[in-house]
Every structure is written in C-alpha cells, then in structure tokens.
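Please look over the protein shown below.

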Amino acid sequence: MQTESLNEKAKGIKLVITDMDGTLLHSDKSVSEFTLETIKRIREKGIDFTVCTGRSYAWLGDYVQHLGINCPLIGSNGCEIVHGGTGDRLYTVSLGFENAAKAIGYCIDHGLDFFCETPNGWIIPHYISNMDPFPGFYPDLPLNGFSLDKTIRVKEKSQLEALTVFKVVVWITYGNEGELMRELVSQMTGVELIHSARDIYEILPENNNKGKSFLKLCDIMGIDPSECCALGDFDNDLPMLSAAGISVAVANAPSRIKDAVDYVTTTNNEDGVAKALNKIFLN
C-alpha cells in the first residue's frame, strides 16, 4: 500500500497493537529511547498503544510500566487479556487439566525442553537446571522479569493438579520436535499447534489465537478492528494482522508475512516499529 493511502487510513486509527519479541524488542530484549519517544508521541495524538505477545502477563516484568501501557493487553498468544493499568484479568482461556497433563507427560517422556505458561509464572521440567535453554529470558536484564520464584518444576503430570495452564511451549533443540508435537496433538482434543517462531512450537486451546483475542480486545475497548494498526513478525501474528485496519511487518519477518501486510518497515533491531509509526502517523 502506498504511504499516502496509509496516511489517509491512519486518520481513523484509535489503537496501535504490536507483537513484542522479534518485532518491538531488539534481540537483546531492550526498547530504544527512540521507540519510547515515538510511543509517547502516538499517545499525544490520542491513539492508545498496547502489546499482543506470546509472553504471559506474569512474565512481562517491567515492560508494562516501561511502555506506559494503561489499557488492555494480550498475553500468552491470545490466552489472556489483562488491563495493563490495573492488572485485572478481562479474558482467560486454558488448555484444561487433561490436555495440559498429557502434553507435559509426553514432553517429559521424550526429554523435550518445554515450559508451560500459567497466570503466575512457568512450569518447567525437573531436568532443566537453569533457564539457559530458554533464549530471551536473561537474569541480567531487569525488564524481562526473570525470577526463579515464578517457576514450578515438575517430574510427572500429576503435579499439575489445580494449576491453570494457558499453553505449552517447546523449544527446538533436537530437530524432530515438530514431528513429535504433531503426533502429540493428534492424540488430544480441543487444541491446536502453532509455529510461533523459528525455534518454537506451541500447543494452545483450539480456535484461540492472536486474531480472536484481538477481536475480543477491540470489543472490550469499544473500537472496531479497522480502527487499529497491528505490527508483527511471524505466523502467529497473521490472524491479528489480517483483522486490523493497517498491518505492518518488520523486515526480519519471513516473506510470507511481508507479502500479507500493508507496509514493511525495517528490522526489529533497527527500531522498525517506531520507524513505521513515524512514517504512518507522525510525518
């Protein structure tokens, strides 16, 4: 889409919503001052700013405050909507005990590196001694909210009793995780498998994704999806990008994502989100 057409459509936008990892955040998980200043200017124009992320709210650390989010945000790839200002949960959907227990038991039996997201933190297998297998959560970066207090170690699926599990995330370390995950979900009901990053598979509640939760968020906020600008970088962002009035991909996104959006900006490490917002809304 031509920049002039985007600038015209931008006049009706009331919300900017962006993916975080691979899109808004640099590879070291930082947010530049340029990006923070751009977000401030967007808000000064009367446009809300929020995030739609694969991270659970419990693992957003100080990002909510750092980004000044004072409206609903989407976490866990659509499994939760939480108000950034109050912390109130506005929408939640989970895998359910049977599915979560089956997934965790299967992963433990196959020695897969996985974690499960819950409203309070992570469930990780007992054989992981530290967090190194999980790229992006570094103990020396306060914004990441890294804390072993937010992890529960499990040896067997029975330990899941009474725990709410949003999703199960498997890191690709051996090469056959995709095949194993497809075998697992074929034995489950009411779930779906998504490829949310180049090295990540996720098992989510069926028919629950960023697109569905984005529509739910719009309903909560009383706005139309056409009044939103969405930004992302991978397949799990597509349902949200497709539903938004303006869609933007960062340059590090796969070609199939870039081909599906209105505008392609620079990479996440080059402040692609901020540059797109400046181009579309602030020029």
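What percentage of the 283 residues in the protein is buried? In this predicted model, buried residues make up 55% of the 283.

**Overall fold**
- The secondary structure consists of 10 helices and 14 strands.
- The radius of gyration is 18 Å, close to the 19 Å that the globule rule gives for 283 residues, so the protein is as compact as a globular protein of that length.
- Along the principal axes, the C-alpha trace spans about 55 × 35 × 35 Å.
- Of the contacts with a separation of 6 or more, 61% are between residues 24 or more positions apart.
- The accessible surface is about 11800 Å², and carbon and sulfur atoms account for 46% of that surface.

**Helix H6**
- In helix H6 (residues 177-185), the buried residues are Glu177, Gly178, Leu180, Met181, Leu184 and Val185.
- These buried residues fall within an arc of 160° when H6 is seen down its axis, so they line one face of the helix.
- They pack against helix H5 (97-109) and against strands E9 (167-171), E10 (191-197) and E11 (200-205).

**Strand E13 and its partners**
- Ile246 and Val248 of strand E13 (residues 246-249) point one way, Ser247 and Ala249 point the other way, and all are buried.
- In a regular strand, side chains alternate between the two faces of the sheet.
- Strand E12 (residues 228-232) runs parallel to E13 and is joined to it by 4 bridges, with Cys229 opposite Ile246.
- A right-handed β-α-β unit is formed by E12, helix H8 (residues 238-243) and E13.
- E13 and strand E14 (residues 263-264) are also parallel, joined by 2 bridges; Ala249 has Val264 of E14 as its bridge partner.

Note on methods:
Residues are numbered from 1 along each chain as its sequence is written. This is a predicted model: local features need pLDDT of at least 70, side-chain atom pairs count only at pLDDT 80 or more; totals for chains, interfaces and linings use all residues. Side-chain values use heavy atoms; hydrogens and water are left out. Buried means under 20% relative accessible area, exposed over 50%, partly exposed in between (1.4 Å probe, protein chains only). The arc is that of the directions from the helix axis to the C-beta atoms. Contact means heavy atoms within 4.5 Å. Two strands pair if DSSP finds at least two bridges between them. A crossover is right-handed if, with the strands pointing away from the viewer, the path from the first strand over the helix to the second runs clockwise. The radius of gyration is taken over C-alpha atoms; the globule rule is 2.2 Å times the number of residues to the power 0.38. Accessible areas come from the Shrake-Rupley method with a 1.4 Å probe; for residues, only the protein chains shown count as cover.
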